[in-house]
Amino acid sequence: MFALLAGSYARLTGKRLTPHGRGAAWLYRDAPFAVLAHDAEPDPRFIYGNRTAQECFEYGWEELVGLPSRLSAEAPERAVRQRMLDAVRRDGVVTGYRGLRIAKSGRRFWIDDGVIWQLVDEQGVARGQAALFSSWRDA
């Protein structure tokens, strides 16, 4: 999973996902930003969420992985979210994204300055989409 996340991010943004010398363990445990990924199914399900993302959304790993990613936004916000995901599918990456999200408890929060990118393996096959955000605040 790390190779897919980091490789796609680097190819699409020209930047490293993790600092030099840091890898999958750092991204999962210690990154000060949230990273989430969902698969490429018609109703995508989360396939990754680092600890920062788990804390933001109030789900443990077992609850998060397999959860339909549409549930990260309330119903009225899902159309806006879908338009953004369609833009990522078309353009490969969207930067500066801002969106309203919902945690397991019902707490609503804004994510700001997010980067959403297409997960594309080295053979060019689309495997899903991922998001990174380092700024969030309660709505």
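Predicted model: local features only at pLDDT ≥ 70, side-chain atom pairs only at ≥ 80, totals over all residues.
Y9 is buried, and W117 is buried as well, where buried means under 20% relative accessible area, exposed over 50% and partly exposed in between, using a 1.4 Å probe and protein chains only. Residues are numbered from 1 along each chain as its sequence is written, and side-chain values use heavy atoms, with hydrogens and water left out.

Back to the rings. A pair of aromatic rings is described by the distance of the centres and the angle of the planes. The rule here takes rings of Phe, Tyr and Trp (its six-membered ring) with centres within 6.5 Å, and calls planes under 30 degrees apart stacked, over 60 edge-to-face and the rest tilted. By this rule the structure has eight aromatic pairs. One of them is Y9 with W117, edge-to-face at 4.8 Å centre to centre and 70 degrees between the planes. Y9 sits in helix α1 and W117 in strand β4, so this pair links parts of the chain that are distant, 108 residues apart. Helices (H or I, at least four residues) and strands (E, at least two) are DSSP runs, numbered from the N terminus.

What does the side chain of S8 reach? It gets to the backbone nitrogen of V120 at 2.9 Å. Leaving aside residues up to four places away in sequence, S8 touches A3, W117, Q118, L119 and V120, with contact meaning heavy atoms within 4.5 Å.

Strand β4 has a partner as well. Strand β3 (residues 93–102) runs antiparallel to β4, and seven bridges join the two; strands pair if DSSP finds at least two bridges between them. Take V94, whose bridge partner in β4 is I116. The β3–β4 hairpin has five residues between its strands, and there G106 takes a positive phi near 100 degrees. Strand β4 also contains D113, which has a positive phi of about 55 degrees although it is not a glycine. At 57% relative accessibility, D113 counts as exposed. Elsewhere, the charged end of R98 sits over the ring of W110, 3.8 Å from its centre; the rule asks for NZ of Lys or CZ of Arg within 6 Å of the ring centre and within 35 degrees of the ring normal.

On to the charges. The structure holds ten salt bridges, each being a side-chain nitrogen of Lys or Arg within 4 Å of a carboxyl oxygen of Asp or Glu. One of them joins R70 and D43, whose closest N and O atoms are 3.0 Å apart. R70 lies in the loop between α4 (61–64) and α5 (75–91) and D43 in the loop between β1 (34–39) and β2 (46–49), a link across 27 residues. R70 counts as partly exposed at 32% relative accessibility, and so does D43 at 31%.

R89 and D86 form another salt bridge, at 2.9 Å between the closest N and O atoms. Both lie in helix α5, three residues apart, about one turn of the helix.

D112 and R137 meet in a salt bridge at 3.5 Å, N to O. Since D112 lies in strand β4 (residues 108–120) and R137 in strand β6 (residues 135–138), the pair ties together parts 25 residues apart in sequence. Is D112 buried or exposed? D112 is buried, with a relative accessible area of 15%, whereas R137 is partly exposed at 40%.

Finally, E58, R107 and D138 are linked in a network of salt bridges. E58 is in the loop between α3 and α4 and has a positive phi near 65 degrees, despite being a residue other than glycine.

Key
Polar contact = N/O pair within 3.5 Å; in protein donor to acceptor, adjacent residues only side chain to side chain.
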